[in-house]
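Let's take a friendly tour of a protein model. Have a look at the sequence and the 3D view first, then read on.

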Amino acid sequence: MRHLTATSRRRRLGATRTCASWAGCSPRPSTTSRAVRGTRRRPSTAVRRRSAPSSHLVARLRRYEAWHRRCGPGSPLFGEAVEHLRSGRNAARSECQYAVWTPFNGLGNRMLALASTLLYALLTDRVLLVHAPQEFDGLFCEPFPGSSWTLPAGFPIADFDATFTMLSPTSYKNMKKAGTINGGDRVNVTAEGLPAYVFLDLIQSYTDAAFCEADQRVLAKFNWMVVKSDVYFATALFLMPAYRRELARLFPEKEAAFHHLARYLFHPSNDVWGIVREFYEAYLAGADECVGLQVRVFQEVPVPFETMYGQIMRCSEQEGLLPKVALAQQNAAAARNTSAVPPPDGRKTKVTSILVTSLSPEYYERIRGVYHANWTETGDYVVVHQPSHDGVQHTEARGHNQRALAEIYLLSFCDRIVTTAVSTFGYVAHGLAGVRSWVLLRSPSPETRAEPACVRSSTVEPCMQAAPRQMCGAAKGSDIGGLAPYVRHCEDVHGGVKLFS
């Protein structure tokens, strides 16, 4: 048995982060040290994507920051736009237009949708604002220097949950159904004749709503737009001819889109970063290699523990992910002589940390027990850690969300990452890291084991799980995964699509 606390070579996290000055956040040194420039330190770069943001993306974000200061909360132009909204009028000429993001579903879904909304705002010259309910507070620092992305108190729309539902009359898809507006090639509406705002409903069941260019021409006339989504709809924007040229300049390497958007937009609060730093330096910093294992069992396919654990072990064996345990006779020899299983060729003993993130403690306990009771074949040290296990997801609880966000970042610091199919939590972690994860595939049923146990993702990008069933301009019945050479179906959701370089 070899068990070790992380006290050897310590790779320390940076002492400061690049955050806007905000409640619970450290001041940002300057706008030139943004995360989009790759300033956040990583524990290892050996297997990471070395993709720098394009100069066009950096310049576009700097222009956006200036625009956000001009039009954002507290500015005269924002006050003027709010008065138009309060009066129920959609002004014909407004210098500033807004995309207000409102959260839906779990933290991973929210981060994917929020990053997508930022991209949409960049493409359509809108100012991104955030409706932040109580459980969202205390997660992130303000990303835009000199301004805020949070809707201020007294905003004319108060009850977002009740106002923005699938039956909302201000939903763009419902307006089209009711004939209030015409999204065809001949747009028959003027800006003055439109409601004061439009609700863009892009939750999983309704992603067909707005990805035609004629729809975008109508939507462009609304000064206020509320976006509600739980998917990474940025992928669909890459399939729209109107945006292809600009997107090619922003992201020459298409599969790095989320990586750059997320590293620019998301800056954990001091409370969250404190959890990350304390855990990392106590348990992960001394390791030569960190393997992250994210396990999620969904209620709709309640895979038994033994089945899921067996799948993890089969994946590890298939891909060589976790250190192999020594045979029984080697363990017996090691018990008699601690030098019976020395590292080969006299090399220095390697330390591997296994980071388990799961709502359940059983996977951590089983894996830790295996390495606690057995030597590895190479004689290397293995330590297993789990930061928390809340049992069930509590998206409505701030503390739960802070722990979840901290674990997303801890996973992103691992050298190799194993994620669970369909998990948006896993998508965000490996997207932030800039690595291709190994995906534990979904079982057809709780009684049937997945074959193969896992596959290596062929791209860093998240999956758009609910892709539009039909893209405008494409032949009826055409496969959305074949509409462009840089879009293919996801490994874990066949109907979903993702970006490739």
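Are C71 and C96 buried or exposed? Both C71 and C96 are buried. Keep in mind as you read that this is a predicted model.

A disulfide is a covalent bond between the sulfur atoms of two cysteines. This structure has three disulfides. One of them links C71 with C96, at an S to S distance of 2.0 Å. C71 sits in helix α1 (residues 55-71) and C96 in the loop between α2 (76-87) and β1 (98-102), so this bridge ties together parts that are 25 residues apart in sequence. Its torsion about the S-S bond is about -65°, so the disulfide of C71 and C96 is left-handed.

Another bridge runs from C315 to C454, with an S to S distance of 2.1 Å. Here C315 belongs to helix α11 (residues 305-319) and C454 to strand β10 (residues 454-456), so parts that are 139 residues apart in sequence get tied together. Both C315 and C454 are buried. Then there's the disulfide between C463 and C490, S to S 2.1 Å. C463 is in the loop between β10 and β11 (487-489), while C490 is in the loop between β11 and β12 (497-499), so the pair ties together parts that are 27 residues apart in sequence. C463 and C490 are both buried too.

## A covered helix

Now find helix α15 (residues 424-433), where 10 of 10 residues are buried. Among them are F425, Y427, H430 and L432. What do the buried residues of α15 pack against? Their partners include the helices α3 (107-124), α9 (257-265) and α14 (398-412), along with the strands β5 (289-295), β6 (351-358) and β8 (416-420). Just past the end of α15, G434 takes a positive phi of about 75°.

## Two helices crossing

Two packed helices are described by the angle between their axes and the distance between the axes. Helix α10 (residues 270-284) packs on α14 at an angle of about 50°, and the axes are 9 Å apart. That makes α10 oblique to α14. The crossing of α10 and α14 is right-handed.

Who makes the contact? On the α10 side, the residues include W273, F279 and Y280, and on the α14 side they include L405, Y409 and L410. By class, the contact has 11 nonpolar, one polar and one charged residues.

How values were computed: Residues numbered from 1 in each chain as written. Predicted model: local features only at pLDDT ≥ 70, side-chain atom pairs only at ≥ 80, totals over all residues. Heavy atoms only, no water. Buried < 20%, exposed > 50% of the residue type's maximum accessible area, 1.4 Å probe, protein only. Helix = DSSP H or I, 4+ residues; strand = E, 2+ residues; numbered from the N terminus. Contact = heavy atoms within 4.5 Å. Axes fitted to C-alpha atoms, helices over the stretch in contact; angles between N-to-C directions. Parallel < 35°, antiparallel > 145°, perpendicular 65-115°, else oblique. Left-handed = near helix turned anticlockwise from the far one by under 90°. Nonpolar A, V, L, I, M, F, W, Y, C, P; charged D, E, K, R; others polar. Disulfide = S-S within 2.5 Å.
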